[in-house]
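Open your viewer and keep the sequence panel beside it. We will go from stop to stop, selecting as we go.

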Amino acid sequence: AMVDYAATHGWVDERGDIRAHMVVSEHDQVVSVDDFKAAMRSLPAGISAVTTGDGEHVAGMIVSGLTSISADPPMVGFFVQQTSSAREPLLRHGRFVANVLGEGHEAVMQAFLGQPQGMARFAQGGWVMNGQGTPVLPDALASIECDIVCTEALGTHDLIVGKIRKTTCREAQP
């Protein structure tokens, strides 16, 4: 039936060979940005406060897409919007701590979402500095200290991949 259909359209030559036929769409139809964002808002995910920098030059952002990439070597990754105030400090310092948040971390999350980049974001939570001076949340479900080993621009965001150097885990409710 397919060969007969091709023959009716002139796609079969006198030897019986079928000519490939492709239809190229002039318009690559995708959903609107608003529709995309609405769909993604309904996707449940864990929340992490990703921190970077040292001393007074700290930065942080809330990430809902921290993901395991590899167990050997141990790596995690997340995306940062290219216009984010945390992007440049992340790339400059070359390391980060993913602090996995749980119940009781609402004030930490609100500070990260509502305060300007810098020390003001770290006013809640009793942050301490690790050996490299990067903020670590002492009561996070897990703190995952990483060196950035890969970045890749993808659309409006950069994929940041970190090789895990140290983890600290606590028992609490996610």
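**Stop 1: the cysteines**

The structure holds zero disulfides, a disulfide being a pair of cysteine sulfur atoms within 2.5 Å. In general, such a link is a covalent bond between the sulfur atoms of two cysteines. Select C146 and C169. The sulfur of C146 has its closest cysteine sulfur in C169, 12 Å away, and that is too far for a bond. C150 is in no disulfide either, as the nearest cysteine sulfur, that of C146, lies 13 Å away.

Is C146 buried or exposed? C146 counts as buried, because its relative accessibility is 3%. Buried means under 20% relative accessible area, exposed means over 50%, and partly exposed is in between (1.4 Å probe, protein chains only). C150 has 34%, so C150 counts as partly exposed.

A word on the model before we move on. This is a predicted model, where local features need pLDDT of at least 70, side-chain atom pairs count only at pLDDT 80 or more, and totals for chains, interfaces and linings use all residues. Residues are numbered from 1 along each chain as its sequence is written, and side-chain values use heavy atoms, with hydrogens and water left out.

**Stop 2: the whole chain**

Zoom out and switch to cartoon view. The protein chain has four helices and nine strands. Helices (H or I, at least four residues) and strands (E, at least two) are DSSP runs, numbered from the N terminus. Follow the elements from the N terminus: α-α-β-β-β-β-α-β-α-β-β-β-β.

Along its principal axes, the trace spans about 80 × 35 × 30 Å. The radius of gyration of the protein chain is 24 Å, while a compact globule of 174 residues would have one near 16 Å. That radius is taken over C-alpha atoms, and the globule rule is 2.2 Å times the number of residues to the power 0.38. Of the 174 residues, 33% count as buried.

**Stop 3**

Select S68. S68 sits in strand 3, residues 67-71. S68 is exposed, with a relative accessible area of 63%. Which residues does S68 touch, not counting those up to four places away in sequence? They are M75 and V76; contact means heavy atoms within 4.5 Å. Now pick G162, 94 residues from S68 along the chain: their C-alpha atoms are separated by 10.0 Å.

Next, select P73. P73 lies in the loop between strand 3 and strand 4 (74-81). Its relative accessible area is 32%, so P73 is partly exposed. Look at the peptide bond from D72 to P73: the bond is cis, with omega near 5°. Most peptide bonds are trans. P73 and K163 are 90 residues apart along the chain, and their C-alpha atoms are separated by 7.1 Å.

**Stop 4: helix 4**

Select F112, found in helix 4 (residues 106-114). F112 is buried, with a relative accessible area of 2%. Show the residues around F112. Leaving out residues up to four places away in sequence, F112 touches A49, V50, T51, G60, M61, I62, R121, F122 and W127. Finish with P44. The C-alpha atoms of F112 and P44 are separated by 19 Å, and the two residues are 68 apart along the chain.
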